[in-house]
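Please look through the sequence and the structure shown here before reading on.

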Amino acid sequence: MTEPRSRFDIVVVGAGPAGLAAACAAAEKGKRVAVVDDAPSPGGQIWKGEQSRLSIPQAQKWIERFRRSGATLLDRTAVIAAPEPGVLLAEHPEGAREIEWSKLIIATGARELFLPFPGWTLPGVMGPGGLQALVKGGWPIAGKRVVICGTGPLLLAVADGLKKQGATIAMIAEQAPMSRVAGFGFKTLRHPGKLVQGMGIFARLRGVPYRCGVWPVQANGGEQVNSVTLADGSNQWTEKCDLLACGFHLVPNVELPLAMGCELAGGCVRVDANQLTTVPDVYCSGEPTGIGGVDCALTEGQIAGYSAAGSDDQAAALSNERAGWHAFRLAMSNAFALREELKSLANPETTFCRCEDVAFGRVKAASGWREAKLLTRCGMGACQGRTCGAAAKFILGWGMESVRPPLLPARVGNLTRTNR
Amino acid sequence: MSSSYDIIIVGAGIVGAACAMECARSGLRTLVLERGHIGGGTTAAGMGHVVVMDDSEAQFALTNYSRGLWLALRPQLPADVEFDLCGTLWVAADHEEMAEVYRKQGFYEPRGVHVEVLDAEAVARVEPNLRAGLAGGLRVRDDAVVYPPCAARFFLEQAMQYGAELRQAVTVKRLLSNGGVELADGSRLAADRIVNATGPWSPELTPGLPVRKRKGHLVITDRAPGFVHHQIVELGYLKSAHSMGQDSVAFNIQPRLTGQMLIGSSRQFDAEDGGVDHAILDRMLRRAFEYLPGLKDLSAIRTWTGHRAATPDKLPVIGPTVVSDRIWLATGHEGLGITTSLGTGRLLADLLLGRPTAIPSDPFLPARFEKGGASHG
Ligand SMILES: Cc1cc2nc3c(=O)[nH]c(=O)nc-3n(C[C@H](O)[C@H](O)[C@H](O)COP(=O)(O)OP(=O)(O)OC[C@H]3O[C@@H](n4cnc5c(N)ncnc54)[C@H](O)[C@@H]3O)c2cc1C
Ligand SMILES: Cc1cc2nc3c(=O)[nH]c(=O)nc-3n(C[C@H](O)[C@H](O)[C@H](O)COP(=O)(O)OP(=O)(O)OC[C@H]3O[C@@H](n4cnc5c(N)ncnc54)[C@H](O)[C@@H]3O)c2cc1C
């Protein structure tokens, strides 16, 4: 049970690694802190369900620390608008919530990037992260033959997780060329934690073909995907599969920062050394500032938490650690940069906007995102372009549009503010 | 200056587009200049209710004439214009508003507009999601709903088939009283006549024009087909929407062909900012919940705002300016420009070519304002 109206010194949005770290740092300094998250339990994407599963020591450590920190978790609470400075409007199963803050830390994470190719909307084709979440939730995968494709370190982590649950991983197809991926592996030597994690995964994935420079061109099947056609630039071939997990790395969730008026740079939230955005008293950490992974998020989160709580010294003490993760972040974005071929996978008939069922040919004929929206309804559906807008940005080079409330689909009744 | 065009229309909103269609159809060499997207201004924000109104004889004449033109055009409209003859249901909350139902009936019927008076039971039957206890309503069968940006695009496509030209990404800086326009890059284009069809921005090109921006908010839901069947408007609308002074809200809901519900509306002067104002949004939605309690449980996906071009007498400005008969206006359509775009286009073309007009044009002429179109360079 939460109150319709509440106020805190520091409100953190997002209970993933960045948000938990921020909340711990600030609450341990004696501030009244709340963490707001849509999910029923803390952990975000990567540590989803870890509070009861106890499989990742790092997650256990942070969730435990969070429990002891005195911070409040406002679970099942989705932030839908920022109606006035210092106030968030949120949706809870029991109704609207108004949460007042003196300092705000945005730690909203990232989502998977999907690029359209023929067949990508067939049942059985999904994002690696999405599939992993389903399996963690108890979805039976044992005995299923899975092809994992797309790009980024997530492909390996997901393959590892699925294999443990009894799936057969037919192939991991990484679009980035071997030369770049190998270079990235070498760079991670400077980050021993990552390396051990990587080695563990590689050892467990022995026998699974990991091919670099390979990407999907078509998912095949009638009712359900039954194979995927892959390409490496000179050859095309088909791999049989029951499920195709395909994702092209991550896109930062910047809707809330945009709604608050925070400036972006290169699609990510601009922050200073204290993780402060261009809006006073609004901080940001983790993936919205750049896709850097869990360790980067933890460090940035703590810096934001300490800064917001007024402990600039403790924040500053972490800046070297953060610089290391930022080097890793840069190496990762270079290694897994998307290849040009991925811009031309879709045919004119390929569905581009799933919500409104708009084909790529119609979208491409428009002069830009806004015209496409107005004249074809692309991006006008329930997801408001969260999926196709990101694809349009990569494939067509279009800027994303401005956000409007609600930040997520919300009960109309919850758009009215609680009575005062 | 030699004129390569008979007419240059500034602005490719639905009004400029309809003017272009009618001018080009009449054989005028027509050029349309637009700084942004076709129908990307107020036209992209408007509800798209094609409705007959009766605030004044002139307003009735223009809306009724225009609705007739929409109905005639209907067979040619492409699917993405989403034309839906859903009709309007004006709902009366109490007996005072019921008196307004009978007054409207008394106004419309002799003028040939098909209406039906519904009692409380009939209202509940045709719109079961409305709260119980309403007094009744008036159903106007031939009112409709369209999707305005695609309608504007269709009108322009028609115009181009008749030979009109369109240039986009062109900002007009000044209208020239000797015929022509000056563009933002300093270059000039010549024409016998210029039409300022820039909607809420029209006073920037015609200083002194008494057109003010009147902000409105709308909320759209995810698909909920059948939640309502008519565009439903409260009759308290008349009291609130037309009190020019302060901010007002009124219950107004529109079923889209997509199955979505579009919820309006609010009116605010001196609110130039395009952001969503949660205080007025709050009032607007609460007003809607008073009529449709179940609306609270639908899923909202987007809220947006737009600026209507409002005039002091609530009528659009159509015709030549007082200072220069080379500069014409087609603006000030407030909350009815989607409806009245077609009538405006016809009226403008008829006036330009000296043809008889289907409805009296005097109430719309800029000359009715003392300073109607003051200074042009
Ligand atoms: C009949 C009809 C049905 C529609 N149906 C849908 C639908 O189903 N789904 C849907 O998503 N949309 C729908 N739309 C709305 C349409 O997509 C746009 O949202 C609409 O054109 C209003 O645009 P906008 O201002 O929200 O944003 P945009 O079209 O993205 O941008 C317009 C301008 O508004 C400015 N702007 C945006 N946000 C702010 C802000 N916070 N403060 C200040 N300025 C801002 C932008 O900078 C931009 O210049 C519909 C429109 C109509 C007319
Ligand atoms: C919330 C809301 C609800 C509404 N609901 C309805 C309804 O249900 N029914 C109805 O009939 N009407 C409705 N309206 C009114 C209707 O939307 C407007 O009257 C109509 O869209 C006006 O069209 P326009 O072409 O005059 O203006 P706009 O669509 O604004 O077009 C003007 C164009 O001029 C361009 N422009 C401006 N300055 C320059 C320049 N210097 N150089 C070049 N180009 C320029 C702009 O980019 C723009 O595209 C509503 C309006 C709002 C705001």
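Leaving aside its neighbours within four places in sequence, Asp54(B) is in contact with Gln59(B), Phe60(B), Arg103(B), Lys104(B), Phe107(B) and Tyr108(B), where contact means heavy atoms within 4.5 Å. This is a predicted model, in which local features need pLDDT of at least 70 and side-chain atom pairs count only at pLDDT 80 or more, while totals for chains, interfaces and linings use all residues. Residues are numbered from 1 along each chain as its sequence is written, chains are lettered from A and ligands numbered from 1 in the order in which they are written, and side-chain values use heavy atoms, with hydrogens and water left out.

Asp54(B) has its place in the loop between strand E3 (49-50) and H3 of chain B; here helices (H or I, at least four residues) and strands (E, at least two) are DSSP runs, numbered from the N terminus. Is this residue, Asp54(B), buried or exposed? Asp54(B) counts as buried because its relative accessibility is 6%, and the term buried means under 20% relative accessible area, with exposed over 50% and partly exposed in between (1.4 Å probe, protein chains only). Its side chain makes a polar contact with the side chain of Arg103(B), at 3.0 Å. A polar contact is a pair of N or O atoms within 3.5 Å; within protein, one must be able to donate a hydrogen and the other to accept it, and residues adjacent in sequence count only if both atoms are side-chain atoms.

We turn now to the nonpolar residues. In soluble globular proteins, nonpolar side chains tend to be buried together. A nonpolar core is a set of buried Ala, Val, Leu, Ile, Met, Phe, Trp, Tyr and Cys residues joined through side-chain atoms within 4.5 Å. The largest such core in this model has 54 residues, and those with the most contacts inside it are Trp70(B), Phe155(B) and Leu348(B). Several elements each supply at least two residues of this core, including helix H13 (369-376) of chain A and, from chain B, strand E1 (5-10), helix H3 (57-73) and helix H10 (337-352). H1(B) gives the most to this core, with nine residues. If residues up to four places away in sequence are not counted, Leu348(B) touches Cys19(B), Cys23(B), Val195(B), Ile318(B), Trp328(B), Leu329(B) and Ala330(B). Apart from this core lies another, of 43 residues, among them Leu113(A), Phe117(A), Val251(A) and Leu345(A).

In chain A, helix H1 (residues 17-27) is largely enclosed by the rest of the structure, because eleven of its eleven residues are buried. What covers the buried residues of H1(A) includes strand E1 (5-13), strand E2 (33-36), helix H3 (57-69), strand E6 (95-106) and helix H9 (293-308) of chain A.

Next comes the interface, where 37 residues of chain B are in contact with 30 residues of chain A. The two chains, B and A, bury about 2700 Å² between them, 52% of it on carbon and sulfur atoms; buried area is the accessible area (1.4 Å probe) that two parts lose on being put together, summed over both. In chain B, His278(B), Ile301(B) and Arg302(B) lose the most area to chain A, together 25% of what that side buries. The count between chain B and chain A is two salt bridges, a salt bridge being a side-chain nitrogen of Lys or Arg within 4 Å of a carboxyl oxygen of Asp or Glu. Asp297(B) forms a salt bridge with Arg411(A), and their closest N and O atoms are 2.8 Å apart.

Over all chains, this rule gives a count of 43 salt bridges. In one of them, the side chains of Arg5(A) and Glu100(A) meet at 2.7 Å, N to O. Arg5(A) lies in strand E1 of chain A and Glu100(A) in strand E6 of chain A, so the pair ties together parts that are 95 residues apart in sequence. Arg5(A) counts as partly exposed at 27% relative accessibility, and Glu100(A) is also partly exposed, with a relative accessible area of 22%. Arg5(A), Arg7(A), Glu98(A) and Glu100(A) are linked in a network of salt bridges.

In chain B, the side chains of Asp6(B) and Arg29(B) meet in a salt bridge (2.8 Å, N to O). Asp6(B) counts as buried at 17% relative accessibility, whereas Arg29(B) is partly exposed, with a relative accessible area of 43%.
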